[in-house]
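Dear colleague,

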Amino acid sequence: MSILEFIKKSPKAELHLHIEGSLEPEQMFKLAKRNNIQIPFKNIVDVKKAYNFNNLESFLKIYYESAKILINEQDFFDLTWAYALKCKEENIVHTEIFFDPQAHTDRGIDFDFVINGIYKALQKAKKDFGLSSKIIMCFLRHLDESSGFKILEKALKHKDKICGVGLDSSELGHPPSKFKKLFKKAIKNNFITVAHAGEEGPPEYIWEALNLLNVKRIDHGVQCLKDEKLVEELSKNQIPLTVCPLSNIKLRVFDKLKDHNLKKMLDKKLMTMVNSDDPAYFGGYLNKNLIETQTALNLSQEEIKTLLINSFKSSFLDEKKKEEWISKI
Ligand code: HPA
Ligand code: ZN
């Protein structure tokens with residue numbers, strides 16, 4: 001079997017996916033029309049042209065703007081259902097998705113519409129084609145901690161649907177330490193914690209996420225190689241780093257895919273795997289991320305296998321399920 005076939009046919013887990021980032025331009029137009037909302041684009045070509053980012057900040061501006069077409073529970077259902085169908089197409093058998101409730105509640109959308117729409121679509125995907133999933137609620141780090149406390153309060157009612165909390169949005173200037181108390185409260189309420197750290201931000205932010213937010217995974221974490229002690233710590237404890245190669249190129253964290261440090265991370269025995277982050281904006285879903293990265297870095301079939309095994313090992317599935325999937329790779 002060629003590596004390409006191996007990538008496509010293997011069962012895979014995805015651990016870093018923002019559901020709002022799976023909003024395809026076609027669906028954006030459809031929902032804008034359905035909800036009678038003006039969007040700043042005339043057509044699909046116009047949209048694609050706007051997806052030319054300099055950094056994380058320039059992407060987030062468009063990402064939050066586009067999310068404004070999501071109004072009703074049905075919209076969140078349709079968005080999530082479309083992603084679930086992609087999972088089926090790509091042999092993604094388990095997915096752990098992020099959602100950004102503050103991006104919606106701050107526009108007057110009911111928290112319950114957001115979570116129920118997402119949850120119901122994932123339940124249908126479980127029933128129709130066996131996709132397993134977890135939902136992780138992210139706090140927007142450009143907002144203050146008190147806003148996070150309010151959203152955590154709303155999430156408590158939905159503890160049966162939300163397994164953990166994360167931290168995303170503009171990284172620079174918003175270190176994990178800003179949310180120390182909030183994460184403490186989330187842990188007290190039995191949420192698992194993860195955080196975006198070391199995407200654009202310094203290794204210090206990764207240390208803070210580990211030591212102050214007690215995270216089980218670091219999202220991105222590609223800046224860790226700048227700090228030898230940190231690499232040692234991450235490797236010793238096998239802390240997962242959810243790397244997103246096409247995202248890193250689109251947001252100019254690395255110039256070209258050939259310059260990506262994923263192979264170096266594997267060489268240092270870091271627990272890393274490939275994810276798509278915001279596939280509708282960054283040019284591809286999980287298989288494309290794997291295929292393009294394999295080509296650019298000349299990864300061996302063994303290295304691809306390690307990445308796929310790591311995707312299950314790093315998931316929040318129970319140990320038995322992890323073993324079952326790993327044995328099928
Ligand atoms: N980084 C930070 N925040 C985000 C991202 C990301 O890649 N995608 C959506 N929100
Ligand atoms: Zn992300």
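**Pocket, cavities and sheet**

In this predicted model, the largest pocket has a volume of about 220 Å³. Its lining is made up of 13 residues, of which Tyr-119, Lys-126, Ser-132, Ser-133 and Lys-134 lie closest to the centre. Helix 7 (111-129) and strand 3 (132-140) each contribute at least two residues to the lining of this pocket, which by class comprises six nonpolar, four polar and three charged residues.

Searching the whole structure gives two cavities of 30 Å³ or more. The largest cavity, with a volume of about 90 Å³, is lined by 13 residues, and those closest to its centre are His-18, Leu-56, Leu-60, Ser-169 and His-196. Helix 4 (residues 56-66) supplies the largest share of that lining, five residues, and the lining as a whole divides into five nonpolar, three polar and five charged residues.

The second largest cavity holds about 30 Å³ of space, and among the residues lining it are Lys-12, Met-273, Leu-286 and Ser-311. Strand 1, strand 8, helix 15 (286-297) and helix 16 (301-313) each give two or more residues to this lining, with the largest share, three residues, coming from helix 16.

As for the sheet, eight strands form an open, parallel arrangement in the order 1-2-3-4-5-6-7-8. Strand 1 (12-18) and strand 8 (272-274) are at the edges with a single partner strand each, so one side of each has no neighbour in the sheet. Neighbouring strands are turned by 25 degrees against each other on average, direction ignored.

With best wishes

Technical notes. Residues are numbered from 1 along each chain as its sequence is written. Chains are lettered from A and ligands numbered from 1 in the order in which they are written. This is a predicted model: local features need pLDDT of at least 70, side-chain atom pairs count only at pLDDT 80 or more; totals for chains, interfaces and linings use all residues. Side-chain values use heavy atoms; hydrogens and water are left out. Two strands pair if DSSP finds at least two bridges between them. Helices (H or I, at least four residues) and strands (E, at least two) are DSSP runs, numbered from the N terminus. Axes are lines fitted to C-alpha atoms, for helices over the stretch in contact, and angles run from 0 to 180 degrees between N-to-C directions. On a 1 Å grid over the protein atoms alone, a cavity is a set of points where a 1.4 Å probe fits but cannot get out, and a pocket is an open set with protein on both sides within 12 Å along at least five of seven lines; lining residues have an atom within 4 Å of a point. Grid points are joined across faces, edges and corners, and a volume is the space filled by probe spheres set on the points. Ala, Val, Leu, Ile, Met, Phe, Trp, Tyr, Cys and Pro count as nonpolar, Asp, Glu, Lys and Arg as charged, and the others, Gly among them, as polar.
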